[in-house]
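Subject: Structure for you to look at

Hello,

Here is the structure I said I would pass on. Please open it beside this message and find each residue as you read.

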Amino acid sequence: MLAPLGYKCRPGISRTGFRGITIHNTSNWNKGANAIAHANLLRGSWKNVTTSWNYVVDQDRAVRCVPENEVAWCQGDGNGDGNMKTISIEICDNSDGDIRKATDNAVELAAQILRRYGVTNASGYLFQHNHWTGKDCPYDIRRGKPYDWNTFVSKVQAKLNGTSGSAGDQILTVGSKVKFNGVFKINELILPNSKYPNGAIGCYDTCYGSPCGVDDYIPSGPIAKCNSDGSNANYNAILNKGDYWKCDKEFTVKAVELPTKYLPNGVAILEADGVRFRCDCGPLYEVANS
Ligand SMILES: [Zn+2]
């Protein structure tokens with residue numbers, strides 16, 4: 001039920017990259033305010049309002065209102081990464097609907113999307129609307145209704161883990177050759193020192209939320225500074241906190257830590273600049289042994 005092209009709700013602007021999925025609740029508790037009703041809003045009285053979403057989900061269905069490759073005005077951050085680089089899912093919380101079924105359907109949809117983009121670690125690619133602007137959204141999930149955010153993320157992760165035939169089922173072993181898959185953010189920075197001759201970076205996407213161990217930092221030698229969409233990669237640039245990075249270098253897995261409840265993808269131990277470092281297997285993909 002696509003919104004009409006060329007109106008304020010769907011200007012036809014291309015998304016400028018893929019950073020993940022932003023989750024919302026409609027906070028529209030009116031009876032009958034289900035997914036179809038919301039899709040009809042964008043085709044009717046809201047078509048010239050700068051508010052829209054890629055998908056709206058209720059207890060029975062997911063409705064696509066704006067194609068995934070087009071910007072929907074849902075995250076409230078203007079031309080920021082939320083609007084320009086994430087796909088939005090609105091979860092209906094109409095009073096005559098089943099919020100648990102609706103949220104479970106959003107889990108399924110989010111997993112389907114992430115799978116198509118080759119994402120294996122859900123936590124790095126799922127955002128609350130709150131992340132972009134501080135808005136109290138998704139209102140229900142933020143109140144544990146029908147379950148909290150961590151549960152939502154882990155349910156999506158469980159779906160990704162259960163997938164066969166995608167990057168999610170790779171099993172890395174000592175000697176596997178791997179590369180980094182994607183563009184990441186530098187969340188922490190270590191200046192050159194005796195252990196890290198080129199310095200090192202801390203990246204939440206590669207170490208389950210925060211680098212807490214001494215070997216969770218990635219030596220900077222093989223890291224390129226780049227734009228958020230991966231363009232303009234510069235392997236000689238000075239790295240700063242907040243920069244985006246990528247890495248095209250091939251690594252050999254030196255050791256592995258098997259998946260656990262808290263580390264569902266497992267951990268690969270890699271080496272660069274003469275130092276070993278730990279990395280979530282999710283952002284890695286295996287390349288053929290050459
Ligand atoms: Zn929202």
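Predicted model: local features only at pLDDT ≥ 70, side-chain atom pairs only at ≥ 80, totals over all residues.

To see where the two strands face each other, look at E257, which stands opposite V267 in β15.

Aromatic pairs

There are 11 aromatic pairs in the structure. A pair of aromatic rings is described by two values: the distance of the centres and the angle of the planes. Two of the pairs are set out here.

W29 and Y139 make an edge-to-face pair, with 5.5 Å from centre to centre and 70 degrees between the planes. The angle is over 60 degrees, which is why the pair counts as edge-to-face. W29 is in the loop between β1 (20-25) and α1 (35-43), while Y139 is in the loop between α4 (129-133) and α5 (149-161), so the pair ties together parts that are 110 residues apart in sequence. Are these two residues buried, partly exposed or exposed? W29 has 42% relative accessibility and therefore counts as partly exposed. Y139 has 29%, so this residue also counts as partly exposed.

W149 and F152 form a stacked pair, 5.5 Å from centre to centre with 10 degrees between the planes. Both belong to helix α5, and because they are three residues apart there, about one helical turn separates them. The limit for buried is under 20% relative accessible area. W149 counts as buried because its relative accessibility is 15%. F152, at 0%, counts as buried too.

A cluster of rings

Which residues do ring pairs link into a cluster? They are F180, F184, W245, F251 and F277.

Charges over rings

F251, a member of that cluster, also has a charge over its ring: the charged end of K249 sits there, 5.5 Å from the ring centre. Elsewhere, R19 lies over the face of Y125, and the distance to the ring centre is 5.5 Å.

Regards

Technical notes
Residues numbered from 1 in each chain as written. Heavy atoms only, no water. Pairing = 2+ DSSP bridges. Helix = DSSP H or I, 4+ residues; strand = E, 2+ residues; numbered from the N terminus. Phe/Tyr/Trp six-rings, centres within 6.5 Å; stacked < 30°, edge-to-face > 60°. Buried < 20%, exposed > 50% of the residue type's maximum accessible area, 1.4 Å probe, protein only. Lys NZ or Arg CZ within 6 Å of the ring centre and 35° of its normal.
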